[in-house]
Amino acid sequence: MLEIRIRLFQNSQIINAVTRFASVVLICLACTTVRSQDDQGEPSKSIVEQLEFFEKEIRPLLVEHCFECHSRKAGRIKAELLLDSRQGMLKGGDSGPAIVASNADESLLIQAVRYDAFEMPPKGKLPAKEIDALTKWIAMGAPWPAEIASTEGPAHDVFDLQDRKEKHWAWQPIQNPPRPPVVDQDWPKSAIDYFILSGLEEAGMRPANQADKASLVRRLFFDLIGLPPSPDQVQNYLANKSEDATKQLVDQLLESQHFGERWGRHWLDLVRYAESRGHEFDNDAPYAYQYRDYVIRALNADLPYDQLVREHIAGDLLKSPRLNLAENFNESILGTGFWHLGEWVHSPVDIRKDESDRFDNMIDVMSKAFLGVTLSCARCHDHKFDAISTEDYYSISGFLQSSDYREVAFESLEHNRNIGVQLLELDDKFREQVRPLLSRVAPTAFEEMSQHYPPQTIAARDPSLADCWIVDYATADTKEFLSDGQLFGNRPRRLGDFYLSTTNGTSKLAFSRFSAAVTDNFWNAIGKQEANSPNQKSRIAGLPRSGRTLRSPTFTLVNGSVQCRVQGQGHMVACVDSHRLLAGPLHGETVLAIPKADGYQWVTLDLNRYLGHRLHLEFTPAVESMLEVQLVVQGASPEQIKSIENSRAQLSNQVARCVQRIESAIQTDASVSAKLGEIAETWTKERTALQQQIRTTSRLAMAMVDGTSEDEHVLIRGNSSNPGQVVPRRFLSAIDGPAPMPIGTGSGRLQLAESINAPDNPLTPRVIVNRVWHHLMGRGIVATTDDFGVLGQRPSHPDLLDHLATKFLSEGRSIKKMIRYVVLSKSYQMDSRVNPAAMEIDPKNQYWHHHPQKRLEGETIRDALLSIAGRLDPTMNGPSIPVHLTSFMDGRGRPGKSGPQDGLNRRSIYLEVRRNFLSPMFVAFDTPTPFSSMGRRNVSNVPSQALILMNDPFLTELASAWGKRACNAIPMAEAQSPAARVNWMYLTAFAREASPLELNAAINFLEKHASQNALTVRDEALWEDFAHALVNKKEFIFQR
Amino acid sequence: MNHCNRFRPTPVNRRELLQRFGSGFGLTALASLMHDPAYGSEARQDLNADPRAGMANHGLHHPAKAISVIFLYMDGGPSHVDTFDPKPMLDKFNGKDPSEFFKVEATQFNNNGKMLASPWKFQQYGECGLPVSDLFPNVARCADDLCLVRSMVSEFPEHTFANYFLHTGSGLQGRPSMGAWITYGLGSVNQNLPGFVVVNGGLVPPGGLDCFGSGFLPASYQGSVFKPNGTAVANVQPLEKSAERQRSKLDFINELDRLASDQFGTNDGIESAIRNYELASQMQTAIPELMAIEGETKATQSMYGLDAAYEPTRIFATECLMARRLVERGVRFIELTCPSVSGDRWDQHANLKEGHENNARAVDQPIAALLKDLKQRGLLDQTLVVWAGEFGRTPFAQGANGRDHNPFGFTIWLAGGGVKSGTVYGQTDEWGYKAIEDRTEMHDLHATMLHLLGVDHTRSTFRFGGRDMRLTDVKGHVVHKLIG
């Protein structure tokens, strides 16, 4: 390359020639570097001509097509890219330099106008002539006259994380504020009441009176267990004159199994719980209900909140996982299922983008649910308002990049892991017995064989293979040897290892002639898996993978063919960009059945489509089959394959010769031979005994598992095809600072969980106590329960929030205790009737001068109806009842069979949630679409709600059942007043008796309605209509 | 018609709002939301003054050109090069390898064939001389009413993403549909019908009913799915044996509600719930009235194709007629989905000829009739008609005789509602593969639609998840060249 430096002297003629734009006056002619390339060695055109070319052809083009977004005069500079100066172009924007002087093909600018890398200008491709001109100009070296660089840069908002942190309340430490003084010393009962009363007094208001006991009992039932009290329960409470009557009731409700169902549904809203994947065919999200049941159990057990968080983030990584008390299975790991409850796409064309969207949803849900921050807003740029940087986002993304999805055999997991440990000890014990015998009988051969252990890697011997290597199980360390379950043992079998080989019931000592990850037929009984759900089209769903899968390290595909040396039968799956829903026209090439063959063979996956992507391989043996994986390489040439084969064979032969010598030595030594026979016999016996204890079947659940430990790149502007710098994994820098987390091996999720739980993280406790308050008091102290950021609401009672958070932390992070604390306050127990004076001052009840009346959720309305109709089946847990499909619920992925209309009378939380076939009733009553955290449901009024309660066949059937039940419960003698029955029904539905006026109205209606419809007061049909009317009375769907 | 008198900006408070507007569908919900400080603009003044935030009761930002929208959703992605964007180069190079001419992007099926000439002839129609293929002989005769956008682009080559994107401005599930945004922003004129109605001819788009959802907006704004037959709407049919029997119950319910309110007080939620019952019972009358299409003249029925030999044509004819009747009743946003034809939706990965012919046969006559009918009744000016699929199709074949998805350039058209009629905007390259001039993104389409309705897309927002969400995300430009 020829580099010419030309100094332009002040010359008005030249200036006139080259500066066509008066606004940029060229006065100071400092050194301007103009590069000129000419491979042919021809002299470059004169610089003046080049600059003329620029002014005539290039600058007008830039002004017309680029400057609107990429100049200092642009309102908002896109992608941080300035094209109004040569320096700007060389410096570039988010995606790197826009031009490489003299190299048009390498210049992003050219790739963009050619619509290759980007499509610029966005409004339409430039004419070929203009693209040619730009190409030519860059080939010249992008000559640009010297100009005074404009100092008037655009006004940028500087992202100052520390400043934002200091200025926003949510990042500040939790205080333990003293009880504020109040004038009315008699009113408050608990500290909560002081905070509430103090606010009211300051604003010149009085709290409402204590609610009457009838209102309170219904309120507590709905708030704590989501079901109405029975007439007996109401009357018992009303009759209990003890001072502790309410306390007793609350304790009883908190102990009810229904508590977990009620609060579990609140929790499921936070984790976008659904049992199908949505997208085009709404495939099943298998075993999601195990997570739902886990949540219900955890809440009923009042699992300390930090443990709940830990199990969600990293329940698979706990040293001593929590075991189910009744069934002894691993509970903790079930919590991690929440990560995987999102939407999945079945045939994404851009598979990397699909992964980044999936991760984005996981990050969004995790950050909102536990931290009340909108981390997802920092995916494309630093957060617009909060102290959250893009680096924060991608540092969290690294935890996901290092983790993986699995369907875990959670019932057998701990049990079989334990057996695995015992097996290892057992094998080691016998090996120790064998070793001295071998060493005695054939000292040289045995020592020679031991020299190959650990064997050298082939790669080390043949440097030409270095680029191909993915994993060699001859040398794989613990970071590389990853597996789900025990089948492949705790490490690969190495060349020369001796082991107990059992074929057709006879066992003998054998020596390994290869190094490989090998299934141990000790585990053969594990294979049959839980039957697959019917709406599952994924090609790999039917493979018996859970607890039986070997996983390669994650690697980057640099060559499209991935070659594995394997023996046995089974499947290999290339998991590219963590994509697993293999149910569409694309990505079929990622699954390969290993063809039957004698001995070792090479199998090759053709993955050309995925060059440059990250992936790992998963190997699963067929049921009751063995599978051995020696090594995995990519892009090895036939010669290289041959070279691998040769060196393997050489090693193998060496070992074989040793083995031969050892074996013949054994044969010649009767005592050793006998001794070895005895050992083999006992060894076999003990193995068989242990084998009997294997738990061969297990329910499955979605869960996390650690993959290869890796950090994520920042994706510039959130664009997955535009990676920037790597950011190490860590927690939010506003809380933990910018230093990387010390992670070592694994994903680091356990450390992440500890940061979320750390006492100096003010978000976690505030967010959860605020959620409790929201559900009980109708609105959070921070009304935006999932957003404690700048765009969220400020806390209406910040001191109260901190008081609750402090108490929560000091009392073992118990959700039940927090609920108990709130509902036993006078603030909670206020009447819901509105005091007009207070309404004048505070029409929106910001200060809680009365208890808000709340509309029940769709699920609760259905549950209440089932309950009063006497139809509620209280069975807990288990597979969901398939969704009932009406003729309006149509579309791709519609299940072949509709669920029962009555949902088998189970509580609504046990009804299946299919993303693309949501219950019309629940949708009408604002059950959220499961796509993100929804800590606060909308409460809307829409006529379909009324239409459902008036005309839905199932709800009217329940109302009728309730009417019939009333007739049976309160028999009516001839000429007896219907009052008793009316009152019983009022008690059942509203937890109170009818007022005299209401009773009167009821009797009038019954008489009139009877006569109009040729019925008598003894007819059940009349009472069915009456029941239907009561269900449509607004009091039924509201809570006072 | 003076639109502005029908909508009033920013009411003073919710009671006043209710008094002024009665009980329009969106508005009752809005009213109850305004009560919640987490949403309402009043709340922001109280607790968290933030001038950036907006709220839906913004009324009109500028005079509207359209009151209602009819969205003719062409599910599956009609091929633009076979309908409204003729490409002679495809005839010339029929059967050649496309990669000789341009870089072929990744496709959904990865089964790319040769360049494929259109099996249909194009003819010029109307004074504007618009070329339309023989697939749409009837729509073609409305050429002078159409405003073609031949440079649409989408971001997604997969149905579900692209459907969500077209409907909601985002490729992911859970965002509010256009109709939801628009009724959230403007409410609805009709008191007895929902503001956002989807008439489902049989094909629910991939992505499911959530294409018509209200996302994070209140449920009041979700699309109400009607069927073009029977009772049309779920649960609208009283189960009581006689109307009197239901009336007697409803009167009794009212009485009980009043007694309870006297005794325990009330709140906005309960008031709105009571109002819902009035709306619901009005709907029980309004829906059968809407569905009484047998009262239309024989000529009208024939014009739409109610007597057509082909059943899918009859279904779509009913949908189009319902759309006109919904517009007449002041419904804000009406979406029609396609009827099922033998073969598939407009998604011809194979057998392009047969599949597109069936789909076109189902919709061509009814759409043309709808345009004519709206026009002759003076409704076309105030009704924005949008014809669009989620993407177009590749100029090269999939396999031998199909076409794969193409989001890089395709055609949609608009009519009525203040658009510039008889025009073509934008163009694709010579192959019809990529838009090269006046590229128009979904967000631009949405921005333009909102603009025509009198709404500034940047100022119609809803706060969710730490952001002021918009139909157009952070993007979108009003395409003024489309506006007449």
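This is a predicted model: local features need pLDDT of at least 70, side-chain atom pairs count only at pLDDT 80 or more; totals for chains, interfaces and linings use all residues.
Figure 1. Among the contacts in chain B with a separation of 6 or more, 75% join residues 24 or more positions apart. Chain B is built with 13 helices and 18 strands. Of its 484 residues, 62% are buried.

**Figure 2. A closer look at D82(B), in a loop of chain B.** Follow chain B from strand 1 (68-73) towards helix 4 (88-92), and you will find D82(B) in the loop between them. Is D82(B) buried or exposed? D82(B) counts as buried because it has 29 C-beta neighbours inside 10 Å, and the cut-off for a buried residue is 20 or more.

**Figure 3. The contact partners of D82(B).** Setting aside neighbours within four places in sequence, D82(B) touches S118(B), W120(B), S133(B), L135(B) and H356(B). Take S133(B) from that list: 51 residues separate S133(B) from D82(B) in sequence, while their C-alpha atoms are 6.4 Å apart in space.

**Figure 4. Where chain A meets chain B.** Chain A brings 86 residues to this contact, and chain B brings 76 residues. On the chain A side, the elements that give two or more residues are helix 16 (351-371), helix 30 (920-924), helix 31 (943-951), helix 32 (953-969), helix 34 (996-1012), helix 35 (1020-1032) and helix 36 (1034-1037) of chain A. Helix 31 of chain A supplies the largest share, with 8 residues. Sorted by class, the side of chain A that touches chain B holds 29 nonpolar, 31 polar and 26 charged residues.

How values were computed:
Residues are numbered from 1 along each chain as its sequence is written. Chains are lettered from A and ligands numbered from 1 in the order in which they are written. Helices (H or I, at least four residues) and strands (E, at least two) are DSSP runs, numbered from the N terminus. A residue is buried if 20 or more other C-beta atoms lie within 10 Å of its own, exposed if 12 or fewer, and partly exposed in between; C-beta atoms are placed from the backbone. Two residues are in contact if their C-beta atoms, placed from the backbone, lie within 7 Å. Ala, Val, Leu, Ile, Met, Phe, Trp, Tyr, Cys and Pro count as nonpolar, Asp, Glu, Lys and Arg as charged, and the others, Gly among them, as polar.
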